[in-house]
Amino acid sequence: MKEIHIAQMIQTKRKERRLTQDDIAEYIGVSKASVSKWETGQSYPDITFLPELAAFFNISIDELMGYQPQMSRDEIRKLYGHLAENFASRPFDEAHEECGKYIRKYYSCFPLLLQMSSLLVNHSMLAGSAEQTQKVLEEARGLAVRVRSESDDGELVKQAENIEALCLLSLGRPEEVLAVMGMSDMLVIPRETLLSKAYRMSGRGKEAKAVCQVGIYQYMLVLVTLLSTYQELCAGEQDVFEETGRRIVALENAFRLKELHPAILLRHYLSVAQGCMAFGNTDRAYEYLEQYAELVLHIDWPLKLHGDAWFDMVDDWLENMLVLGKEMPRDEKLVSKSLVEALSENPAFAALAGEARFQEIIRRLTGREQTGGVTWMR
């Protein structure tokens, strides 16, 4: 993370041009002693001198001050991890205040603002009250809107739109989501097909395969998520609900999702269990709730995104292209509680709350929560 280094910059630029402190002093109209103090950091030039100094060295004022209001990918990743840990271990107000300091300092670093928006969304429920949670979500939305409105990076803009939509949904404002996203650009044209062909025609077969793998990996996870969402929407149509579930299982088996990305299946198991409760099939609901608990208990926590023997080229992409790398966006201590609450506070399972079988599932999950080792689902 970059600070202001005007003293070092004045000295460096002066020496590059083989000038003396007297040369600068004469040009600006100050004493040599003043220039000496600037270079040693004992004092700063008056703000009215900055344009003249920048012109003298033929550089911008930002460059003169040694100020770069941007953070690197690695710096953002480390900062995100630090701030996420703060939310898990410190009072919310303290963690939130520290976030604000970095947001203000790097307000033109759009990759950072996007991650700060995501960070606030992922921890908004810790704010202490519904009113405070709404304020945090509005703050997160404001950051996403800034990125969407000001950034020239198309990928960042798309991600910002998604976060803004998530904030609006959490705030109970679905009509605004439709206004932001709409359906006019729903046609998906996979860039990976064109990129892989370009790499292949250029004689770069390995890169062509890697592009295809990354595309398949992403679209596969998106497809499972969409199917899970569609299954929830079809909870009142048992035949469609069950057929959608069978197709998710087919993908689960085809891509070995329990090993590749087990967390993405947790939502599916809950969705099916909820549907079974709606259809009056308690025994089958229990089967999926137990699968949910079994998966949580047997995942190698803390979970990280990764490839496998078939997806053998995605690990480098995950680590180098995603801002957070293979890490998940919430501290595992916080998510351990949410995994239990997904069952214990779910109104769909209220009728089971007093049953020993349900209480045993909660007990097993609670035991896992106390030992740690869980993660957030992207």
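I began with the contact of H8 with H9, counting heavy atoms within 4.5 Å as contact. On the H8 side I listed Phe110, Leu113, Leu114, Met116, Ser117, Leu120 and Val121. Their partners in H9 are Val136, Leu137, Glu139, Ala140, Leu143, Ala144, Arg146, Val147 and Glu150. I sorted the residues of this contact into 12 nonpolar, one polar and three charged. For that sorting, Ala, Val, Leu, Ile, Met, Phe, Trp, Tyr, Cys and Pro are nonpolar, Asp, Glu, Lys and Arg are charged, and the others, Gly among them, are polar.

A note on what I am reading: this is a predicted model, in which local features need pLDDT of at least 70 and side-chain atom pairs count only at pLDDT 80 or more, while totals for chains, interfaces and linings use all residues. Residues are numbered from 1 along each chain as its sequence is written, and side-chain values use heavy atoms, with hydrogens and water left out.

Next I looked up the geometry. H8 covers residues 110-123 and H9 residues 130-150; helices here are DSSP runs (H or I, at least four residues), numbered from the N terminus. Their axes come within 8 Å and cross at roughly 155°. Axes are lines fitted to C-alpha atoms over the stretch in contact, and angles run from 0 to 180 degrees between N-to-C directions. H8 and H9 are therefore roughly antiparallel, a label for angles over 145 degrees. The crossing of H8 with H9 is left-handed, meaning that the near helix is turned anticlockwise from the far one by less than a right angle.

I then moved on to H9 and H10. Their axes are 8 Å apart and pack at an angle of about 155°, so H9 and H10 are roughly antiparallel too. H9 also passes H10 in a left-handed crossing. From H9, the contact takes in Leu137, Ala140, Arg141, Ala144, Val145, Val147 and Arg148. They meet Leu156, Val157, Ala160, Glu161, Ile163, Glu164, Cys167, Leu168 and Ser170 in H10. This contact divides into 11 nonpolar residues, one polar and four charged.

What does Ser118 touch, leaving aside its neighbours within four places in sequence? I found Tyr80 and Ile163. Ser118 sits in H8 and is buried at 18% relative accessibility (buried is under 20%, exposed over 50%, partly exposed in between, with a 1.4 Å probe and protein chains only).

How many salt bridges does the structure hold? I have 22, each a side-chain nitrogen of Lys or Arg within 4 Å of a carboxyl oxygen of Asp or Glu.

Glu164 pairs with Arg148, with the closest N and O atoms 2.7 Å apart. Glu164 is in H10 (residues 154-170) and Arg148 in H9, 16 residues apart. Glu164 is buried at 1%, whereas Arg148 is partly exposed at 28%.

Glu63 and Lys13 meet at 3.4 Å, N to O. Glu63 lies in H5 (residues 61-64) and Lys13 in H1 (residues 6-16), so this pair ties together parts 50 residues apart in sequence. I noted Glu63 as partly exposed at 36% and Lys13 as buried at 11%.

My last pair is Arg90 with Glu98, at 3.0 Å between the closest N and O atoms. Arg90 is partly exposed at 33%, and Glu98 is buried at 16%.

Key: Helices (H or I, at least four residues) and strands (E, at least two) are DSSP runs, numbered from the N terminus. Angles under 35 degrees count as roughly parallel, over 145 as roughly antiparallel, 65 to 115 as roughly perpendicular and the rest as oblique.
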